[in-house]
Each structure stands twice: as structure tokens, then as C-alpha cells.
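Hi there,

Here is the structure I promised to pass on to you. Have a look at it first, and then read my notes below.

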Amino acid sequence: MSLVVDLNKYILTYIKSNDVVSLALLMLTNTEFFTNSDGTQKEILLRSITLTQPNVTLSLSAACVHVLLHPTPDYNSIVEILHSASSSQLYLTEKLQPIFKEILKGMVVAIDTKALTESNVLVLLTPILLFLSCDVESLHASATKVLISSWKNYSTLVEQIVQDICLAFSTSTAQRSKSVALKLATPLTAALVLALQADGEYKKSTTLATTFMNNFFATLISSAQPSLLANFSADVMSLATTPAYPAALILFQLLVNATLTQLVKGKLPLSVKYVAIDFISQVAASFHSKQTKTDDKMQEVCNSCGNDFVQTEGVEWTNVPQGMCGKCYVNELLSDYFSKLTGKKLTSIWYLREAVLALAANLNVSGYKLLCGLFLEQIKNDEKSKEWEKNALETQLGWEDPQNHFIVSRVNIGEVLIRFDAFDDKQFLEIVIPEFPKIQEMCLNCTLKMIQDSQAMVRARGLKGLVSIIKVTPDLGDKPMIQNVIVNRLKDKSATVRETALDLVAMKLGGEEINEVVERLFDVSVLVRKKAVKLVLVRIKEMIFEKDPLASPLLKRIFLIASRPDRQNDREEAKKIIREVFLPLNNLKIDLLINVVQTEITEAANQLIDTLNDQQNETLQNYLISQLGSESLIKVLMLLKLSAKGTSSKIRIANKMGDLMSFVCLDDDKVKETNAVLELISLVVSHMNVTKSDEMVMKRLSSTLLNMTYKTTNLTMLILLVKCFIGVELKKNEINTIGDFCVQYLKLALNDSVRQRALNVLAVIFKNVDLSATNSLKNYYLNSNKPVAVDLFNTILTLKSSTSAGLICQMNTIFSLLQQYPGLYIHYETIKNYFSIYITKTLSSGNEQLAISTLSLLFELFEAETTDDLSALQTTLAQTHTKELLPLLTSQSASVRFKALVLASSIIKKGLINPIQILSALIGLVTDKTQLTSTNAISLLRLLNEKSSSLIQCRFVEGSQMGFKLRGEERSLMRIPHPLSSVYLLFSLNQRKAVLTSLVQKFSDTVEEGVSEDGVYENLFLLEVVCLLQYTKSTEVMIVLQPLKKIAAVSLPDIRGSMKKRMKSQNVKTTSIAQLIVCVYATMVANFLGSYYNVNEEGNAENLTTSVSDLQDNQHPFVVAGFKYIDKIMSDFDALKAFWKYSRQVMDGEYENFTLQN
């Protein structure tokens, strides 16, 4: 009684103070008291609390009071109040949320009784959708019920409701939760799904879902909100695999189809496109196909539904009629049961049927309670069945023991259904969406299509999608189509795409794929290079551990990269890999190093050995020495030579002299091995320990070497034998023995038949030891009053050589004398004049053999250990004979060019001549087709760039033209990227701009003045330089593009105009044809550069993510434009006619291949 008194007291207080909010809250906490009050009390309260209040908050509270007390409230007015309250965002006030919730309950009653006008239903929809779009979870369930009730009772408004829901999605801020559904979803999506399945009519639900999807994508495209698609697709994916929300299946299919359509049509905004690609990739990845075992006895197709039995291959077939699949059998049983239970056909309740099928695997109590709930939902409004519904459900379905009670037509459904394997998401979707495997395939195909998109970020997103797919279906990565996609994207113009492609390769990195990854060590992108290094390192280590035979060729390639001086930046990554792979050393790694090492990679191998500490170097040498008897003797010796750096390491090898000598022999098939051993001995012989135990070894060594000098027929072996012999005798301090040896060969030199052999031996002797003080030579020239060195010079000079080979041997000996006694040239004018005349004549004679010999001799002279006299000699020779050297740098002989370059490099490094004299020639030599010449030229230019960068820049255009002259009559394209890129990248950005400006101006001026017939290839050479240089900034490309676009817009139309009449008369000047060809190629290059680098017109200094080094040969614009047909176009009118037609296409912006019919 006191509670009633207290409540009445509060009521009176709240009414007097007009505190309607407190009154409404009081009523909500004491609902039973107020609902049980007599009618008079309710009337008094309602008259006291009218719907019209001073403010929205009070009106809202009054509406709550009326909903609670009034038997027929003015729902239409309450709708307006609710609309105003939601517009004022009162629902965000936690205190008022119970009031909103109660009013929403009343709205359900109003809608179910159709107490609202259609216009007010639409007005009500605004706050409802607002509640579902916010994070106030307490209102979500009530708002959803209002939405579903409106959907069911006002069928004429459903399409409008669908459109309003779609608009609400674009403003929704609600987070994904379980406030409406059993699975995580945003409230709007969950409410939409529940509304779609409210009436259970499949066709109508599909039509409405289609309408929604059309509106959804229209909103998506206009708003360009990626989060809209991201959230909605995540919701649909979550709900579609939940049996309680089968309407989500419709949305899922429609969403997939619509997304695929929009992606293919390319109508989605870019930011939305990324999310769309993620979604279709997720569809293909999340529901991947699994391997299934099939029963050989099972027929392939069900007679009832026509689907494969494999869908339900887990079913036990004992009780299933022949020719019927498990799904159809269960469907029949359930349809029969549902018909008996409710009097309705299960087939008309489409989503219930599918839900039951999906739940068939879940034979526990909670699963059957959910199943009973679904049945109850269908029969609860049937007045006739209310009396027996609970009993029927409990009896037929069995709340406590479902397996024993779920019986239909004397068949225990529990026994049948329990034989289904548990469904995963993919199996469920395959049951309820028979065409789902096709959807998967469509999503995969669309993902692959996106990887070919013109926009780099789209390609990258597609690759990320493919990564997620291959993670769950690794076998997909083995398909040739997928492998081709990956390889092509590794060479993509975009660094982001290349980086993502590496993620794909990383998932399944085989021997072939790793070679493509190695190419990325050269990438312009630091991120790509780092990822490539990481991948290569991981894979090589795996291959070494697995003893994969492909490890050796792969490492050889890495070593080659690390040894190339023209790739200074690139090779640092290769060096890093080599260090990581081989350090710390062990026998397995040394074996691998032995297998890999070869002459071309000695620089990288040498650098690796340089990083070893003394202990590691000792480990290496000890193991190498133990392998001297192996089949890889030459490689072992090569590594021993590289490891012989310090005194201790040389002594270690010298201590094994006896072992080394056992491999020295005169057998013809052992020449290479013997020479390699002798080369190593000559390097370490001076470090032998002169002890009693070694005396016998040294004596035997000396005797063996001396005897072999008389017997060997191999010139290289002879020279090495003499060097080793000299080294042993010097170590024994037996210089007079060497003197005797020298006199012996001086005498042999007088014999024509053995003169060349004797001269070669004497050249080695003179170069390595000063014998002027030995008794042997003093006695030999006893009657002379001249220095021994002069006598030696005169002796050699008097020998007559009738052949070039003999003359070369003679001069080799004389140059060796000069190297040992440089004072001969300085102090004896006769000798000086002889040398000068000989050098001038041989370098200018045009005789390739003599020129090469003289250049080699001069190089040895400049590389010899310097003394004061020799330094003076080198200076004089350099200043005197540079004029003869310069033409040889551009000789038509590749061997002469190389020797001249090597000599020039030696002279320049010593600072004996001004490098400006040969800069143009050096730049031209960078384009030399001989790789060794090109790399040496680059190395020298890189050295000169440290002090003379501006001079190189000034000579760049002239050097480029020099490169064309070096080609002679050869008509071939340069390698990609252009070799001159190595020089170009030495410059600063401002220097590059200046170089490009000069280069393009040179080309443009020629085009403006008119290209001659002879100038076609030279101008195209310059254009190719412009095309294939390795640009790093967009401003560089723009400098080139602007003048080329001018040629495309002015010069090409002009030349076509002037040729038009002559083409009809077939009387075209060759100069006009030349002009046409050059203008067409300039236009093609402009089109190529613009599209390949995707630069904007502003030409800001943005870093380019595209590298020309990734350009394929068949993509070269010159190849596309038919470079190989130029000569034919110049000489054949039919070819010219075809090219004339092609020039029109080029002028119109087309970029197609030009070909001629055979």
C-alpha cells in the first residue's frame, strides 16, 4: 500500500511541475502498476499530459505516456513528435533512450493495425533509419521491428522504403555489432535482410533486393564512399553464411554480380574500385574449392534436381531412393513434415527450406531450438493452430532428445541428417546457391582482369586479391596462366605493382620464378629492391640447404651482377646477397663457391674474400688446399689465387709447394691446369721458407721448371715457367743462375728457327729482374765499353724479323728492356727516336695486329711499378703519342678499341693527359657492342665524373654522335636501358635537364632543317637515346616530350602535306621519305613516353615509379614502328605506300605495330 502511495505522490509532483520526462521514466519502471490502474486514473493522467508540450523533450515524454496508457493513441501525431525529437538528436541522451524504445514499440502496434497514414509511415521511416545508422545499440532492435512491420503492412511503400534505406547507408556511422542479428553486421544491413525475408515470397524478395542493389550502386558511384561498399559487403558475407538470414543470400548473389559488372564496365570511382576488387577476391578466397572424394558407385546426377551428387557426398545412402541426391531426399521429408505441421507447402517458404537444410548438420539441442523457432515463426499467426502449436512442436521436433523424436512417416530424420558432414561456409553456399562455383570462377577471372587494368593502383589491388586467393588455393599458383600474370607484373611500369607481384612470387618461389626476382635487384624502387633481396636470400638459402642443383646457376648470376662495373648501384644489392649467403663460411658453402667461381665473376669473388677475417681466410685456404685433387682443380686454384692477399696467406700456400708441383706437367690435355698452378706458384714462390726441409723442394722445383722451359710448346706455359724459375732462383739468391739462363737464350735468339721462343723468354727475364750486374752478362759483353743495358738493346735490335709475329716478339722484348731500364729512353736520343718512330708507325699503320701489340706493350709499361726514371718515361710517352691514340678509340676493330681504351684509362688515372681530349670518344664507347669495352668506358667516366662532371655533361651530345659512328654500317637497336643511361645517371637533375635540352634540340633542329637520306639512322640513333635513357623524375620526361609533341603536331602533318601529290604520282624524293620516317618515329616516341611514364602536363619533379629497364624488346617503339623495314621503305614504293598509310594512323594517336607483307 505504501508503494502505491509513494507512486501517486510522485505522479502528482511530476504533473504539478510538468516534469513529463520523470513521469514517463517512472511509468517505464513501474509498467504493471500503471497498466493495471483503472480507466478513470488513466483518463486523468492523459488529460493532464497532452501531446502538445513546451518543448520537444517534453512532447517526446508525453508521447511515451500516451503509448503506455491510451488504448488508441494519436499515432500520427506521435510520429511527428518522434521525427522532431530525432532531428534534435535527443536519442543520443542516454536518459531518454528508454522513452524512444517504448514509443517504437507503440509504432509497431500502430503499423500492424494500420493506424498510420502512408505519408506518416514514410515520415516515421526517417527516425527509424537514423536510429539504425547510429551507435545507440539499445534502439537497433526496436527500430528493426518497426521497419519490418512497415515492410509487411504497407506493401505499396516498400520500393520507397528500399530507396530510403539505400540513402541511409551513405550516412550511416553505426559500427558492426550483434544488436540486430546473430552475426556481426551494421544494423542497417541486418534490418534490411530481416525485412527482405519478412513475407517469405522469393520472387518478391528478389525483386526488392534487385531494386535496392540498383539504388545502392547508384549511391555508391555518386558518393564515391569506399567505406560504404566495404561495410556492406562485409555484412552480406557474414549474414549470407548464417541459416537464419537466407535473404542475405539474395543480396550476396546480387552484390557479387553487380560488383563484377561495374568492375568490368569501369564505372566505379577509383577508391571504390579498390574495395570492389578486395570484395570479389575475398569471395574467391573465402569460399575456395576443396578436394572431395567421390563414391565410384554413386551416379553423377540427381534425377530430381539435376545437380551433382558431389554436393552432398557425405550422405549415407542406405535409405535414399535410387537416383535421388541427399539434398532432395531431406527436402522431401521436411516438406512432408512441414505440410502436416502447418498445413502450408514448405516450397513456398523458400528461405525456411534452405535454412532447415543448412541446419541439418547441427543435431544438438540448441540447433533444434533454432529450427523450432523458425517453424514457430511461420505458424504463430495461425489462430487455429495456437491451441496445439506448442505441443506439436515439442512432440514432433523434440526439445530434449531431437534424434529420437524428429520422426516423419516412420523415418527417423535425425538418423538421416546426422550423416551429413559438418558444413563450412563454402558448402553451405553451394547447397543454397547451386551456381556458387561459377560465381567463384567469375570472381577469379575478374580479379585477373583487374590485374591487367590501365591504372597501376588497380593492378596492384588485383594482385593483392590474387595473393589472398592463392593463400587458400596454392595449386592455383601452378597454373601457367597465373604464372604468366605474375611474371608480367614483375616487369610492370608501376613500382607498387612490382612490389605486390613479389608478394605473390614469395608464396611459391621456384627455380624459374627466382630468376625473374633477380631482375628486381636492378629496380628503380628501393622498396622493390629490398623485397627482392629478401626473397632471393631466403630462396638461395633454402636451395643450398636442400642441395638444389639450380642453386649454382642462380648464384653465378648473382656473382655476375656483382661484378659488372656498369651497374654500380645495382650490384650493391647482389653483393649484399653474396655476403649473406656465404658468411660465415663452412665447407658446404666453400664447395658451392668452388662450383660457382669463373673468370667473369672474379671481381665479386675477390670482394667476398676481402670481407673474410684471418681465421675465415685460413679456413677457406685449408679447405681449398684439401680439394687440390678434385675435378674442380682450376676453380680451386682460382680461389687460392684470390685468397693469397697477405703474407700469412701466401706463406700458407707456399708451404704446399710440393703438392702444387705434382700438378705441373707437359701433357697436352693438362695445359690449363698446369698454367693455373704455375700462375699461383709465381704469386707465392717468394714466400717459401728457406729451410733445410725446403731446400730439396726448391731444388726439385728449380730443375723441373728449367727443363720444362725447353720442352713446352705452349707460349703461356713458357712465360709462366720462366717467371716461376726466376722467382725460385731469386729466393735462393742465385741471380747468376738467372744470368746464365739469360745468356743461353740470347744465343738461341740468334737462331732463326727458335728466335721467337727465345725472345719471349728474354722478355720475361728483362721485365722481372735486373741482370746488368751479373757476371754472365758482363762476360758476354766483355769487349764492349757500353752499359750492359745498351748492349742488350742493340743485340735485340739487330735481330731481323721478317714477319709481323716476329716483329711483335722483338718489340715485346725491347719494351721489357725499356721497362727495366727506362733511362735508355731518357738518356739515349737514338733509342728514344727509335721508340717514337716505331710507336707512331704501328699505331698509324692500319695493321690491326701491330696496333694491338703496341697498345698492349704500352699498357704494361704504364702499369709497371713506378720509379723516377719510369715515371719520366711514362710522362713523355703520354704527351708524345696521345694524338695517335685518339683515332684508335673509334677504330672499326673492336679489339683495337678495347686495347686503346685500356691504355687511355691507365694514362688518365696517372694524370698524364687532360681527359677532355678523349671524353667524347669515351662516351661513344659506352655504346660499344662489346660489353667489356662498354663497362670499362663507364668505369673510367665514373672516375672522371668525380672531378669533371660538367666536362662530361658538355660532351654528352657529341659523345652520343660518336657512338653512332662506332656502329659503322650496322643497323641494330641498342639494349634496354640505353647504355648511355650509365653516364646520364652520373649527372645531377639540373645537369640532366641541360643534357636533355641539348640532345633534343640537336634532333629538333635537324628535323626542322630537313633530314637527309644519309642522316636517317643517325637521327634515329639520337632519338633512341632520348627514348631509352633511364629517367627518374617526371620533369626529365617533360623536357623530351614537349619538342617531340611539336614535331608530331607540326612537322609530321607538314611533310605528309608536301608528299601527298607526289605519292599519287609515285615520284617522292628520298629526302622527303627520310623526313617522314624520322617524324613518324619522333611521334611514336612521344606517344610511348607519355603513356609509359604517365607524366602530367605540369611536369613537376615527382619521382617516377616506372623504369625503362622493365621495357620488353617487343614494346620498344622502334620495333613497333617497324625499324627493320626502314631500308625497304626508302627503296620500295609499295613499302613506302604502306608506311604512308601507317603515318596517318600515328598522327591520329594510334600506337600499333607496323608490318609489311612478305
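This is a predicted model: local features need pLDDT of at least 70, side-chain atom pairs count only at pLDDT 80 or more; totals for chains, interfaces and linings use all residues.

L476 is buried, as its relative accessible area is 9%; buried means under 20% relative accessible area, exposed over 50%, and partly exposed in between, with a 1.4 Å probe and protein chains only. You will find L476 in the loop between helix 24 (456-472) and helix 25 (480-490). Helices here are DSSP runs of H or I with at least four residues, strands are runs of E with at least two, and both are numbered from the N terminus. Leaving aside neighbours within four places in sequence, L476 is in contact (heavy atoms within 4.5 Å) with L444, L466, I469, I470 and I482.

Residues are numbered from 1 along each chain as its sequence is written, and side-chain values use heavy atoms, with hydrogens and water left out.

Next, please look at helix 46 (residues 829-844). Helix 46 has 16 residues and reaches 22 Å from its first C-alpha to its last, close to the expected 22 Å, which is 1.5 Å times one less than its number of residues. Its buried residues are I831, F835, S836, Y838, I839, T842 and L843. They lie on the same side of helix 46, because they cover an arc of only 165° around the axis, taken from the directions from the helix axis to the C-beta atoms. What covers them? Among the elements doing so are helix 43 (788-798), helix 44 (804-820) and helix 47 (848-863). The face turned away from the buried side carries the exposed residues T830, K841 and S844. After helix 46 comes G846, with a positive phi near 90°.

Now for the cysteines. How many disulfides does the structure hold? There are 0, where a disulfide is a pair of cysteine sulfur atoms within 2.5 Å. C1027 is buried at a relative accessible area of 0%, and C1079 is buried at 0% too.

Finally, the whole protein: its secondary structure comes to 60 helices and 2 strands, and 53% of its 1158 residues count as buried. Of the contacts between residues at least 6 apart in sequence, 70% join residues at least 24 apart.

Happy exploring!
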